[in-house]
Amino acid sequence: MAIIEDQRPLELTTGHEPAATESPSPLGVFARPKANTGWRSWVNTVDHKKIGIMYGVASFFFLLVGGFEALLIRLQLSVPGNQLLSADLYNQVFTMHGVTMVFMVIMPMASAFANYLIPLQIGARDVSFPRMNALSLWIWLAGAIFFNSSWLLGGGANGGWFNYAPNAGVTFSPGTGIDFYAIGLLIMGIGSTVSAVNLTVTVLNMRAPGMTLMKMPVFTWMNFVVQVLLVFALPVITVALLLLTLDRMFGAAFFDASKGGDPFLWEHLFWIFGHPEVYIMVLPAFGMVSEIIPVFSRKPIFGYPFMVGSGIAIGFMGWGVWAHHMFASGMGQLSVLAFSLSTLFIAVPTGVKILNWMATMYGGRLKFSVPMLFSVGLVGMFTIGGLSGVTHAFAPADTQQTDTYYIVAHFHYVLFGGALLGMMGGLYFWWPKMFGHFLGERTGKWHFWLMLVGFNLTFGPMHILGLQGMMRRTYTYTSNQGFSMWNMVSTTGAFIIALSLLVFMGNVVFSYRKHRKNPVNPGADPWDARSLEWMIPSPAPEYNFAEIPVVEEFDEFWHRKYGHDENGRLVRIAKTEDVVESSDPVTVHLPSPSYWPLVLALGMPLVGYGLIFNLWWAVPGVILIVAGIYGWVMEPATDPDASHGHDDHHGDPDEPDAAEIEAGESAESELVSASAGSAGVTADGGDSQ
Amino acid sequence: MRNNRKSYVITGVSLVVCLLLGYLLVSNIGSPVGRPLTTLSPRGNKSQAIQDLIIPVFAIAGIVFLLVEIGLVFVVTRFRRRSDDVDGKDEPVQLHGNTKLELGWTIAPALLLAVLAVFNVNTILQMDDATDPLEVTVIGQQWWWEYRYDLDNDGAPDIITATEAAIPVGRDVRFKIQSNDVIHSFWIPALSGKMDAVPGRTHQVILQANEVGMFEGQCTEYCGLSHGLMRMQVKALSPADYQIWLTAMTTAPAQPDPKNELAVQGQTLFVSQCSYCHQVNGVTPTSKSPYPYSTVPDPDYGKTVAITMASGNAPNLTHMMMRQHFVGGLLPLYESGGSVAQAIPEGTPDTNNIKRWLRNPQEVKPMDPNNNQGMPNYNLSEAQIEQLTAYLLTLK
């Protein structure tokens, strides 16, 4: 069978537009995609930056969805005995809020930054497996849409985000919401696993020459820890979800005590995943703050080895504390003792980070641009979440606190005050690098202060409510329980947060318009920053680095600009313009775009719908998945013609090229290039097979 | 050389504000008045032990909080870039770290936590201590709690009641926590921490009330639709009152007075309509087979079908009016409100509450009777409601 391939090498260089040629399509379905602009260039892209941006946009959309659910929760609880939501609807809303925020906001938003920045920070052209990168985006997005489609197909999941058995079984939750939960998370888990493997390999294999592990930026380090955590944590939740699916759909009895199963199995499996998950969510933000604070303090990060070491320590210790979510579960005194002690000591590496950030600022020259405001906000707010965390490491006290609003307050201080504030700072910080213009500074300050105030008004009072006994996941309360006042305060705060998000969206729109009207390029290095991504033009060109930098020191870019005098004070040694990349690249060839990851991903939710409603629906899903894999395998990673007639850098050891590495995977490439060149169809048209 | 006064002032002001807020919080948060579920007002020995452990922890956390946050305020104000700062002049010293300092702030908190860990371990070990405890079996179900007292230790319960448990003050009580359907959590904040009720397992909570009182509780593990309204009470009585309660609970209530026609009709109606799920000892036939999922092999509950007092998964109402609350602890049965513990409740029964419940149970508490979760609405006529209410009032 002849595989027909597009001939055209993808030249992603300097504005040279290759003439559109008629391109034949592999398997007679798709022409090799070639769109460089327009929506097609996003659909078929394997560029880590575009993928990162799409992760960001999608996760922000889900932030609005989850935020809307949060407002519904707060409205319902604003006054005692409120009838706005029924108990059933409320249970769906809080479950969907939790799952959405964890799996569709915090994790993918961190993925957005990781995808965009890791290759730039380590001086690489792309990730190790660019098409797999696209695959993880599309699978995650397919799973997220699938999960949320449950709202239209019989109601959302209503078991809480940790979805304890046996309440999650068909006997007690006969609706389809929990099926969507199980299968949706399974699908998203596939995407996250692929992405985690990809980024782990990228960090290990794709670093620029000279960049040893201990010269990597802290952001890359923290994300590296996260990816390794994901590689080990996701299989656990996958197993748990599979067992749940088998229980619900095929009458297995893994969690059914009456048939010899055990509800504890789910609890343990969920939290063995669930606790590392907390660090998976918060470490990327820690990484961002560790980049932002040194830049705006004009000082290096204080105690780089301690920052990295504490991140690794958190990653390791995170595996030994899961059962602190189960102090009231009745797992037995010995287990309680062990996990109570291990939990106490995980506070230590986290505390080290807080103090090191403060020491970084100490003696610096602090400039409070918006990214810095958010970073300082994280330091202050995460401290509160960390301290309340220590108070429930004391297991007997936790039996009073757990499943009350005290816990709700705690984890929102960790995930909102930690992860989300950090990532908001990250958005303001890297926005010029991503889009070539600044977000408005004044509006940004409004955004920050509104968010900080709203956040504290929303979640601060929950500490009090929890200690006064307000139970978590209650759809209402009565006026004689004494919860009324602080709930009203909390609801007010939630709307201030919503307002701050509106301000942020306004900022995005207006700063873009302003930029359109009067484009001012912020230049490669708008913040006088430290790491490699600031050496290249803004927005980052498709090829990343015209010339892969050779790294000699941690904070390489900074050290090309600055030295220090005999007193250790900062001295400029080179102008920024002289050290940033300015040259046009010699021809680089990049991994070629592909439709197959999208095709493969589209099949997954169809299989999901099939499992839930009617197995026939799974048939087209399976066909798409198989076709996707087949087409993928048959398609060479890099357009074969890229190696002809160009002065590219094949075999140059100084230039680890993502495209070349992946090209090695595909043994077909030679074969394909030999048979390529016949006539074909236009871009994405063509007959189906 | 540089004027840092502004920084000191801001730092000082924020310290004062923090302390003030902290004082307001601490002085208000502990009071149990109007806060029936507060965790900070222990009335039992175990909850007191928890309080004694956590208050110093809160205090230390508060001090660390102040040090970090005030330190942060100081650093960001003191080292703020000033308008007269020029790049390239008096730039910051490029300090890369200080291993001794960092080791210090790694080891110091670890040592502090190690010291606290000793108290923590001590309290954990203390939680299961009990001498000659009264044993009460607690069975969680959607969305109410059943209590069983086996007074003669023959393995068969002598008292089965719901929602409201009675215990004597000053004696250890071991609540054996079980579940009949999904995971619930038994929690009386004034007396002890919470404990999950997990199908197929028996867990325990040990507690001792230090004073007489009606202590509120709340299910705290999400258990489906009406989780938020799944409440319970523990009524701590003086030992003498507790004996009175025991005697009343083990004596069959008198049949309704034949002159009380409504009550007699109500009894007939009860037997024909309500006894599928509810039991009144000696009146309703022995229990029906429970709902399909109540065959969970709970060590005690598995026997329920053989126990004449057990119901088809709804509260045993033999001594309903001996309770001061019903509807899973949600509503008071007496107009006095039920916040004062009485061995035998006195005062006027709140018939409005009873009738409201009979008229449309789902309006009071969301339930899903079609899925065997909760009480169906039988669309009783007002006359039937009057009859049933009259009968229920005799169950004391």
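## Strand S5 of chain B

In this predicted model, Val173(B) has Leu207(B), a residue of S8(B), as its bridge partner. S8(B) covers residues 203-207 and runs antiparallel to S5(B), with five bridges joining the two strands. S5(B) also pairs with strand S1 (residues 134-141) of chain B, here in the parallel sense and over seven bridges. Within S5(B), Lys176(B) stands opposite Thr137(B).

Strands of a sheet can pair in either sense, parallel or antiparallel, through backbone hydrogen bonds. Strand S5(B) spans residues 173-179, and five of its seven residues are buried, so the strand is largely enclosed by the rest of the structure.

## A three-stranded sheet in chain B

An open sheet of mixed pairing is formed by three strands of chain B in the order S4-S10-S9. Strands S4 (164-168) and S9 (213-218) of chain B are at the edges; each has a single partner strand, so one side of each has no neighbour in the sheet. From one strand to the next, the twist averages 25 degrees.

S9(B) pairs with strand S10 (residues 231-237) of chain B in the antiparallel sense, over six bridges. Met214(B) has Lys235(B) in S10(B) as its bridge partner. Helix H4 (residues 239-250) of chain B packs on this sheet and touches S4 and S10 of chain B. The direction of the helix makes about 135 degrees with that of S4(B).

## Contact between the chains

The contact takes 82 residues from chain A and 78 residues from chain B. On the side of chain A that touches chain B, H9(A) gives the largest share, 16 residues. By class, that side of chain A has 41 nonpolar, 31 polar and ten charged residues.

Technical notes
Residues numbered from 1 in each chain as written. Chains lettered and ligands numbered in written order. Predicted model: local features only at pLDDT ≥ 70, side-chain atom pairs only at ≥ 80, totals over all residues. Contact = placed C-beta atoms within 7 Å. Helix = DSSP H or I, 4+ residues; strand = E, 2+ residues; numbered from the N terminus. Nonpolar A, V, L, I, M, F, W, Y, C, P; charged D, E, K, R; others polar. Buried ≥ 20, exposed ≤ 12 C-beta atoms within 10 Å, placed from the backbone. Pairing = 2+ DSSP bridges. Axes fitted to C-alpha atoms, helices over the stretch in contact; angles between N-to-C directions.
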